[in-house]
Amino acid sequence: MASVAKAKRPRRPTPRSCLGPVADLEAHLPAEWWRKLFNALYVKTDGDVVENVENTRRDVDFILAAAPVQPHSQILDLCCGQGRHCLELARRGFKNVTGVDRSRYLVRLAKKRAQSERLQVVFKEGDARNPRLPETSFDCVAIMGNSFGYFSNKQDDEKVLTAVGKILRPSGQLVLDITDGAYMADHFERRSWEWIDEHHFVCRERSLSGDRERLISREVIVHDELGVIADQFYAERLYTRESIARLLEKTGFRNVRHHGNAEALSDRDQDLGMMARRLLLSADAPALLRKPRGKVQQIDVTVVMGDPRLPDTVKRGGAFNPEDHDTIRRLKDALSELPAYKFRYLDNHATLDRDLSELRTDLVFNLCDEGFNNDPFKELHVPAMLESLELPYTGAGPSALAACYDKGLVRAVALTLDVPVPLETHVRPGDQGATLPSVFPALLKPNYGDSSQGITKDAVVRNEKALLDYLERLRVAFPKRPILVQEYLTGAEYSVTLVGNPDQGLRALPILEVDFSKLDPKLPKILGYESKWEPDSPYWTQVSYHEAELSELQQQQLVEHSARLFERLGCRDYARFDFRADAKGEIKLLEVNPNPGWCWDGKVNLMAGFAGMRYSELLGQILGAAVERLSIVGKSAAPQVEAAQ
């Protein structure tokens with residue numbers, strides 16, 4: 001008789017000590033109380049207001065009424081909490097929404113909610129005083145839900161507004177929602193208590209600070225069986241309509257506008273606390289950003305590429321072809337559409353070391369996926385050279401490229417992260433006694449490699465003789481490389497692209513599915529060497545691509561698997577992850593591609609097209625991810641080396 005798994009009991013809260021009666025709340029207030037308060041208990045205690053759907057809808061209605069934003073506008077929700085405003089904006093069709101919050105718990109919760117609804121929102125951890133975002137990059141910054149005024153001194157509040165002024169574009173708008181300080185100072189409840197669910201109730205005490213500019217609150221949260229589980233203090237500065245206007249004007253904001261008051265709805269209809277009555281304001285970006293003196297300095301970018309003068313064993317005919325030169329032309333045309341950057345190009349590898357050593361640039365756009373001297377084994381040599389010269393660059397570093405070049409190592413890492421992988425046997429060079437799999441069909445490929453080297457239509461074998469024959473072919477072609485004999489997955493094949501970085505937020509492009517339906521049924525359904533480098537091959541002419549039709553859960557799982565691999569393997573700025581389903585429908589990892597193909601007709605740009613992005617926009621997002629990660633600001637460049645034509 002099969003055993004029945006026992007249902008897991010809900011995790012019970014841990015009892016905590018309680019201070020008992022306190023005469024002076026302010027004396028017990030931690031200076032940085034906000035570092036620990038915003039956790040699962042916050043969502044529970046304040047859930048009647050901050051998890052209220054109608055409150056969120058009203059807040060977003062106010063944002064859209066106060067700021068003239070469009071679906072393509074860049075919108076930042078600063079102190080976004082669990083992302084309720086970001087998610088509602090995304091539901092309404094806004095494509096470029098970012099949320100920043102100090103609480104790791106709330107940011108993770110926001111990411112999970114976005115993934116469950118398939119909403120494209122970037123969430124990242126960050127301090128509102130220094131959010132580490134590019135200057136003049138947002139059309140609207142919203143600070144909602146009484147998220148302003150937590151710091152113990154006004155100077156930190158001023159730092160927040162100064163930072164917002166810098167990241168707003170010249171025509172940008174600040175939208176602000178704060179407690180009505182004048183009202184709250186006269187009407188706050190000194191003591192209250194309420195049940196927040198069937199097992200928890202919270203007791204609250206409040207008092208004004210000694211200077212009467214902050215409202216200090218204490219919450220004692222009690223479990224009906226365990227007793228006290230939290231005894232915590234927090235505070236908020238009480239800005240009046242006049243004092244907040246003065247602070248906004250001091251930090252350079254113009255045309256401060258008051259939009260009346262808002263009162264929150266509550267599911268419990270009990271203690272509304274600081275949300276009881278709020279001021280709604282908006283203001284134009286500071287004059288310094290609206291009317292800069294002189295021309296805005298562009299970010300100086302040097303693009304490093306493969307050398308068309310040298311042989312390239314990976315490409316058709318062992319050299320750059322007309323289609324390769326067309327790809328480079330299309331790249332340069334697309335980059336010319338990005339006004340925030342100015343570009344030069346380096347592709348002469350004979351002088352690359354000297355050219356880079358003499359280079360003064362803000363950023364190197366590393367598009368040399370051919371490798372140094374067009375040697376695919378030397379792809380990591382280019383970023384290693386850049387690091388030795390201390391030049392900032394886009395994309396993965398040498399360690400990530402080396403790790404992902406080793407397919408067996410990637411598989412091992414995936415296993416530790418609970419990412420499904422195919423069954424596999426590793427055959428060392430010269431090993432004649434390896435135990436080969438007896439389950440067919442199987443797929444053979446070099447363990448080290450890129451651009452599908454060694455993976456042809458004959459790599460799929462259906463019996464032992466074919467396996468041994470192709471194994472020998474690979475040993476002759478790649479004598480020093482281990483060979484992988486892998487379970488051949490017969491289901492649908494998918495690709496996931498992530499743009500961004502874990503600390504600043506990762507954005508997934510729409511998932512791509514490979515369409516083999518028009519391929520000659522006699523040919524194995526794989527994307528091998530022929531599909532990339534042989535234009536006359538059926539794999540080039542008969543294979544197509546479309547946006548994947550997967551369930552929300554499957555899409556969420558693929559993006560989560562990719563994000564874990566992205567961070568663990570040290571990818572940066574952008575990466576592509578390829579998956580394929582087995583005969584039973586389980587989707588397994590094929591490979592990880594840091595610095596994936598950037599060409600106009602490649603998978604990554606196809607996925608960007610599914611999202612309505614132009615090729616230039618995709619390249620701009622990759623550059624933007626690096627600029628944000630490196631905190632780059634455009635500066636005057638010294639005399640440059642001559643650009644390759």
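Q: Which residue stands opposite Arg576?
A: Let's begin with the general idea: strands of a sheet pair through backbone hydrogen bonds, either parallel or antiparallel. In this predicted model, Arg576 faces Asn593 in β24. The strands involved are β23 (residues 573-581) and β24, and they pair in the antiparallel sense over 7 bridges.

Q: How many residues lie between β23 and β24?
A: There are 5 residues between them, and the two strands form a hairpin. Look at Gly585 in the turn: its phi is positive, about 95°.

Q: Is β24 mostly covered or mostly open?
A: Mostly covered, with 6 of its 8 residues buried.

Q: Why does Asn595 count as buried?
A: Buried means under 20% relative accessible area, and Asn595 has 7% relative accessibility, so it counts as buried.

Q: Which residues is Asn595 in contact with, leaving aside its neighbours within four places in sequence?
A: Asn366, Asp369, Glu379, Gly395, Ala396, Leu401 and Tyr574. Take Ala396 from that list: its backbone nitrogen lies 2.8 Å from a polar atom of the Asn595 side chain.

Q: What is the phi of Asn374?
A: It's near 60°, another positive value in a residue other than glycine. You'll find Asn374 in the loop between β14 (363-366) and α13 (381-388). With a relative accessible area of 3%, Asn374 is buried.

Q: Now the open sheet: in what order do its strands run?
A: Read across it as β3-β2-β1-β4-β5-β11-β10; that's 7 strands, with mixed pairing. The edge strands are β3 (121-125) and β10 (254-262), each of which pairs on one side only. On average, neighbouring strands of this sheet are turned by 15° against each other, ignoring direction.

Q: Do β1 and β4 run parallel or antiparallel?
A: Parallel: 3 bridges join β1 (residues 74-78) to β4 (residues 138-143). For a pair to look at, find Ile75, which stands opposite Cys140 in β4.

Q: Which strands does helix α6 touch?
A: Helix α6 (residues 104-117) packs on the sheet and touches β2 (96-101) and β3. The direction of α6 makes about 165° with that of β3.

Q: How should I read a helix, and which residues of α5 are buried?
A: An α-helix has 3.6 residues a turn, so residues three or four places apart point the same way. In α5 (residues 84-91), 7 of the 8 residues are buried, so to speak mostly covered. The buried ones are Arg84, His85, Cys86, Leu87, Glu88, Leu89 and Ala90. Just after α5 comes Gly93, with a positive phi of about 100°.

How values were computed:
Residues numbered from 1 in each chain as written. Predicted model: local features only at pLDDT ≥ 70, side-chain atom pairs only at ≥ 80, totals over all residues. Heavy atoms only, no water. Pairing = 2+ DSSP bridges. Helix = DSSP H or I, 4+ residues; strand = E, 2+ residues; numbered from the N terminus. Axes fitted to C-alpha atoms, helices over the stretch in contact; angles between N-to-C directions. Contact = heavy atoms within 4.5 Å. Buried < 20%, exposed > 50% of the residue type's maximum accessible area, 1.4 Å probe, protein only. Polar contact = N/O pair within 3.5 Å; in protein donor to acceptor, adjacent residues only side chain to side chain.
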